[in-house]
Amino acid sequence: MSKQSVMLKLSAPVEAPKPLEQLTETEIERKAVIGKITTYTLKNLTDYFLVNGFQWLLPVALSPSTDPLWPDPGASIEKRIEVDIYGRTVRTTASMIIHKLIAASTAYPKLFILSPNVRIEKAERACTGKHVYEFTQLDFEARNATSRDIIRLVSDAVCNLVASVKRDMKDELTYLGRYDALKVPKMPFKICDKQELEAEYGAEWENCVAMKNGDPVWITNIPREFYDYEDFATGKWDNYDLFMPQYGEVLSGAKREWEYDKILKKIERDKINKSNYSLVLKLAKDGRLKPTAGAGIGIERIVAWLTGVKHIAETQPFPRVPGTVCDL
Ligand code: ASN
């Protein structure tokens, strides 16, 4: 496939889905089938993490410290939600990364959370088919884990998920026209360096990776937020995203920074408001932050890939399409 047709196919505008009350009988039937695959996916993935010794924590919705989502090459945030309660400013959860670092360093060495994330994306992202302004991550973190450990764990979880869903949800996948096209991936998945991809494909590298490969691909070395580990000597980042074939990114994660001097330096370099991260800085300074690694799997995105829907909001009972607020 030529570079241009690849780009056209993945970046063509996608129509946003209608809310529940406006669906026809046939559309309701389809919605219900996607719902069954979501339920199956949640059970399969949470079982996988439990079997592998992870503890299941409940999420928080409001706190002073949330993900800055900056600097992030993929971020497009229109508005950050802050509100005062009990004399302090709290923010809606953009991701539970800070909570994960502290939880995994203290009482919960291996943890996961089904965490609702609020990211008020710019309205122009309504038609990418990949963005919603509220979504859920299966966010996990493990003390003393390496990137290699996480890459192996997730690759195995994905192979297990696809094989299981094809075995147990054949009728549903067939109804959606997805059964034959959805292939059980083979491990190990390819690992590519972002800088090398950019050199080869230019700014459209994400679309090219998604279209060119038949199996999922790991992308590493992505400059972004302060909490991902950066080797100051080489300038390389020890982080990773997982890209699904014909789809794109469904997970991002990293080995983490835990040393005070590096965290402080990066927060200052990125011009992040230090006072929002005073606790994590204090714990790092006191030597109480431990080396960890983890990631977050976008539930709606992985279900969108499994089911082959065009717009990610089709996987949501109550669609959160950028630029549109429905009654529910
Ligand atoms: N959950 C991601 C991680 O674990 C962070 C994010 O969503 N921005 O790295």
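This report describes the ligand site, the aromatic rings and several local backbone features of the structure above. The model is a predicted one.

## The ligand site

Twelve positions need to be located first. The residues around the ligand are Asp67, Ser95, Lys100, Arg119, Gln137, Asp139, Tyr227, Ser252, Gly253, Arg256, Ala295 and Gly296. Sorted by class, this shell holds two nonpolar, five polar and five charged residues. Three strands each supply at least two residues of the shell: β8 (134–143), β12 (248–255) and β13 (292–298).

| Residue | Ligand atom | Distance from a polar side-chain atom |
|---|---|---|
| Aspartate 67 | nitrogen | 2.9 Å |
| Aspartate 139 | nitrogen | 2.8 Å |
| Arginine 256 | oxygen | 2.8 Å |

Taken alone, the ligand exposes 270 Å², and the protein buries 93% of that area.

The side chain of asparagine 117 makes a polar contact with the side chain of arginine 119, at 3.4 Å. Asparagine 117 belongs to strand β6 (residues 110–118). With a relative accessible area of 0%, asparagine 117 is buried.

## Aromatic rings

A pair of aromatic rings is described by the distance of the centres and the angle of the planes. The structure contains eleven aromatic pairs. In one of them, the rings of tyrosine 48 and phenylalanine 49 have centres 6.0 Å apart and planes at 75 degrees; the pair is edge-to-face because planes over 60 degrees apart are classed in this way. Tyrosine 48 and phenylalanine 49 are both buried.

A stacked arrangement is found in the pair of tyrosine 229 and tryptophan 258, where the centres are 6.2 Å apart and the angle between the planes is 20 degrees. This pair links distant parts of the chain, since its two members are 29 residues apart. Tyrosine 229 lies in the loop between β10 (217–220) and β11 (239–244), while tryptophan 258 lies in the loop between β12 and α8 (260–269).

Are these two partners buried or exposed? Tyrosine 229 has a relative accessible area of 18%, and it is therefore buried, as the limit for that class is under 20%. Tryptophan 258 has a value of 23% and is therefore partly exposed.

Ring pairs also join residues into a group. Tyr48, Phe49, Phe54, Trp56, Phe112 and Phe140 are linked into a cluster in this manner.

Tyrosine 229 has a further neighbour, lysine 262. The charged end of lysine 262 sits over the ring of tyrosine 229, 3.8 Å from the centre of that ring. Lysine 262 also lies over the face of phenylalanine 232, at 4.9 Å from the ring centre.

## Backbone features

Where in the chain are the cis peptide bonds described here? One joins tryptophan 70 and proline 71, with omega of about -10 degrees. Proline 71 is located in the loop between β2 (62–63) and β3 (77–79). Another cis peptide bond joins methionine 187 and proline 188, with omega of about -5 degrees. Proline 188 is part of the loop between α5 (170–175) and β9 (190–193).

The loop between β2 and β3 also contains leucine 69. Phi of leucine 69 is near 50 degrees, which is a positive value in a residue other than glycine. Leucine 69 is buried, its relative accessible area being 6%.

Tyrosine 86 likewise has a positive phi, of about 50 degrees, although it is not a glycine. Tyrosine 86 lies in the loop between β4 (82–85) and β5 (88–92). Its relative accessibility is 84%, and tyrosine 86 therefore counts as exposed.

## A pair of positions separated in sequence

Asparagine 160 is situated in helix α4 (residues 147–168). At 32% relative accessibility, asparagine 160 is classed as partly exposed, because this class covers values between the limits of 20% and 50%. Asparagine 160 and proline 185 are 25 residues apart in sequence, and the distance between them in space is 9.2 Å from C-alpha to C-alpha.

Technical notes: Residues numbered from 1 in each chain as written. Predicted model: local features only at pLDDT ≥ 70, side-chain atom pairs only at ≥ 80, totals over all residues. Heavy atoms only, no water. Near = heavy atom within 4 Å. Polar contact = N/O pair within 3.5 Å; in protein donor to acceptor, adjacent residues only side chain to side chain. Areas by Shrake-Rupley, 256 points an atom, 1.4 Å probe, with all protein chains shown as cover. Helix = DSSP H or I, 4+ residues; strand = E, 2+ residues; numbered from the N terminus. Nonpolar A, V, L, I, M, F, W, Y, C, P; charged D, E, K, R; others polar. Phe/Tyr/Trp six-rings, centres within 6.5 Å; stacked < 30°, edge-to-face > 60°. Buried < 20%, exposed > 50% of the residue type's maximum accessible area, 1.4 Å probe, protein only. Lys NZ or Arg CZ within 6 Å of the ring centre and 35° of its normal.
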